[in-house]
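This briefing goes through one structure by topic, from strand pairing to helices and single residues. Please keep the sequence and the coordinates at hand while reading.

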Amino acid sequence: VDPASLEVVKKYPSYPYPVDFTSPALKALVKELAPALFVITGGNSNCISYADGFDPGSSPKSSADNYLSTYCEGKTYYGNLEPALFKTLLDFAADTGTDLVWHLNMAFGRGHSSAAYEPWDANDAKGLLEAAGSALKGAMLFEELPEKGKKVGFDITPEQMANDLAIMKAALPSKKTLVYGVLNQDSDQDKTTVTDPIYQASKDSIDVVAFSYYMNNAWRRAPENHGSYSGSGRCKFDPKQTAAFMVEPAHRATLDTTSKHFVELGESLGKPVQLIAGAPCTHNKEGTGYGAVDAHVGALWYADALGRVAKQGVRVFARQTLVGAVYGLLGTTTHKHKLAPTPGYWVAVLHKRLMGPSVLGVTARGPEGFSAYAHCSKGASGYTLLLVNFDGDNVTLTLPSHGTRAEYVLTSPDGLTTGSTLANPHPGRTVLNGGAVLAVSKKGELPALDGRSVDGSTKLTVPAEAIAFVVMEEIADGISGC
């Protein structure tokens with residue numbers, strides 16, 4: 001969740017769709033995804049005040065007092081988190097069974113009056129840290145920091161960043177709170193001169209290697225685009241053009257390259273790896289991606305991405321974002337700012353319910369636009385396949401020997417895209433096993449998401465442009481691995 005949607009940033013006094021974190025319906029929808037991370041992060045996070053008492057009258061000092069970095073002031077990112085709102089967020093995490101991770105204010109209170117390094121002052125987050133206590137499960141300080149530390153207002157070395165992370169770690173109210181390393185993405189920061197040296201320098205202060213991934217950024221910086229932002233195929237205002245970009249195998253494969261780097265980095269440091277903030281379209285012109293990311297093609301992309309990162313060894317995929325803009329799992333409509341699940345939400349729910357944490361190797365014969373992944377089933381002895389068919393034709397498979405299976409096939413009556421726009425957003429529709437369009441009640445209650453039972457002797461057909469979760473039972477000896 002971006003702090004802009006919390007209405008603490010002066011730039012956004014009237015955020016289009018402010019999120020009500022007291023909503024029982026929202027809590028019910030998020031609880032279906034638990035256990036999960038609830039991460040507050042975004043450009044605004046770098047600049048917000050969490051001083052002692054969260055007193056807006058005393059902190060932050062106004063921008064006229066030169067208390068903000070040039071980055072914060074230039075972006076007009078500044079504001080103050082109210083104690084009541086922070087308590088609401090703590091209650092939300094507790095009620096939904098999610099772990100709260102907070103991105104602290106790396107650029108607040110330094111970098112304006114001097115070009116020299118100034119250590120991060122933990123007092124600028126004292127109020128938040130004291131109010132959170134052990135309820136704060138994770139903390140991060142740096143994100144998307146290039147070699148020249150423009151966001152903090154001065155150049156900063158890996159050793160200085162490590163010092164700041166050590167200061168943050170010492171200030172955390174609980175020794176159980178995880179410290180996240182710098183949240184970089186390979187497309188914006190050179191891994192050999194920026195990301196890797198930072199992690200090597202700060203390895204004694206961090207618990208988690210973290211990275212972000214935006215496919216439009218990764219593709220624009222791909223070698224075939226000469227490492228610049230001049231590459232074609234980015235997210236567009238036309239949803240059909242965006243859909244074409246999202247389904248292209250070469251574009252989706254950039255997630256493999258990025259994940260592989262961070263997993264290797266994590267292994268070298270003995271740290272787990274988490275993808276925090278992953279989306280196909282962001283850092284792009286406002287209004288692009290609508291009708292695609294919030295439609296069925298967005299669900300296809302998300303299902304494939306979940307399989308890809310797990311296969312590489314990434315432990316957690318925190319989708320950008322829970323609510324808001326075009327890439328939320330929960331979309332918004334212009335009708336009373338109503339929350340509505342996007343097609344990607346149904347993918348997240350079924351993935352959470354059916355696929356366990358143990359990842360298996362699997363191969364499948366199919367067209368280039370067909371992906372296959374496998375995990376040990378959650379709470380069962382068999383295994384679950386995740387099959388994603390971007391292709392325009394059905395794909396028929398002969399499965400390994402098994403007794404029965406349960407099939408959960410997601411399709412859409414809309415096709416890949418819709419007419420959703422920034423001015424009139426409306427999430428795409430999803431159908432399970434050819435039934436009625438999936439919808440939630442006003443209380444956030446989900447419909448029955450039951451699989452259809454199929455005899456294991458029959459072949460499996462994955463429809464064109466469909467996602468299939470297949471839970472296989474009574475596996476022949478020596479095949480499962482679970």
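Two strands are said to pair if DSSP finds at least two bridges between them, and helices (H or I, at least four residues) and strands (E, at least two) are DSSP runs, numbered from the N terminus. In this sense strand E5 (residues 209-214) pairs with E6 in the parallel sense over 5 bridges. The model is predicted, so that local features need pLDDT of at least 70 and side-chain atom pairs count only at pLDDT 80 or more, while totals for chains, interfaces and linings use all residues. Residues are numbered from 1 along each chain as its sequence is written, and side-chain values use heavy atoms, with hydrogens and water left out.

- E6, helix H11 (residues 296-312) and E7 together make a right-handed β-α-β unit, where right-handed means that, with the strands pointing away from the viewer, the path from the first strand over the helix to the second runs clockwise.
- Burial is defined by relative accessible area, with buried meaning under 20%, exposed over 50% and partly exposed in between (1.4 Å probe, protein chains only).
- Because 7 of the 7 residues of strand E6 (residues 273-279) are buried, this strand is largely enclosed by the rest of the structure.
- Ala277, which is placed in strand E6, has a positive phi near 80° although this residue is not a glycine, and its relative accessibility of 8% makes it count as buried.

**The open sheet E1 to E4**

- Four strands form an open sheet in the order E1-E2-E3-E4, with parallel pairing.
- Strand E1 (36-40) and strand E4 (178-179) stand at the edges with a single partner strand each, so one side of each is left without a neighbour in the sheet.
- Strand E3 (residues 136-140) and E4 run parallel and are joined by 2 bridges, with Gly138 standing opposite Leu178 in E4.

- In helix H8 (residues 239-247), the residues Pro239, Thr242, Ala243, Phe245 and Met246 are buried.
- Seen down the axis of H8, these buried residues fall within an arc of 160°, so they line one face of the helix; the arc is that of the directions from the helix axis to the C-beta atoms.
- The buried residues of H8 pack against helix H7 (215-220), helix H9 (249-252) and H11, where contact means heavy atoms within 4.5 Å.
- At the start of H8, a side-chain oxygen of Asp238 comes to within 2.9 Å of the backbone nitrogen of Lys240.
- The 16 residues of helix H10 (residues 254-269) should span 22 Å at 1.5 Å a residue, and the end C-alpha atoms are 23 Å apart, which agrees; the expected span is 1.5 Å times one less than the number of residues.
- Buried residues of H10 include Thr254, Leu255, Phe262 and Leu269, and the buried residues of this helix pack against helix H6 (191-201), E5, H7, H9, E6 and H11.
- Just after H10, Gly270 takes a positive phi of about 70°.

**Single residues in loops and strands**

- Thr321, found in the loop between E7 and strand E8 (330-332), is joined to Gln320 by a cis peptide bond with omega about 10°.
- With a relative accessible area of 7%, Thr321 is buried, and leaving aside neighbours within four places in sequence, Thr321 is in contact with Val1, Asp2, Tyr327, Gly328 and Leu329.
- Glu407 lies in strand E14 (residues 404-411) and counts as buried at 6% relative accessibility.
- Leaving aside neighbours within four places in sequence, Glu407 has contacts with Asn433, Gly451, Arg452, Val454, Leu460 and Phe469.
- Asp393, in the loop between strand E12 (383-389) and strand E13 (395-397), counts as exposed at 51% relative accessibility.
- Glu474, in the segment after strand E18 (466-472), is exposed with a relative accessible area of 56% and has a positive phi near 55° in a residue other than glycine.

Terms used. A polar contact is a pair of N or O atoms within 3.5 Å; within protein, one must be able to donate a hydrogen and the other to accept it, and residues adjacent in sequence count only if both atoms are side-chain atoms.
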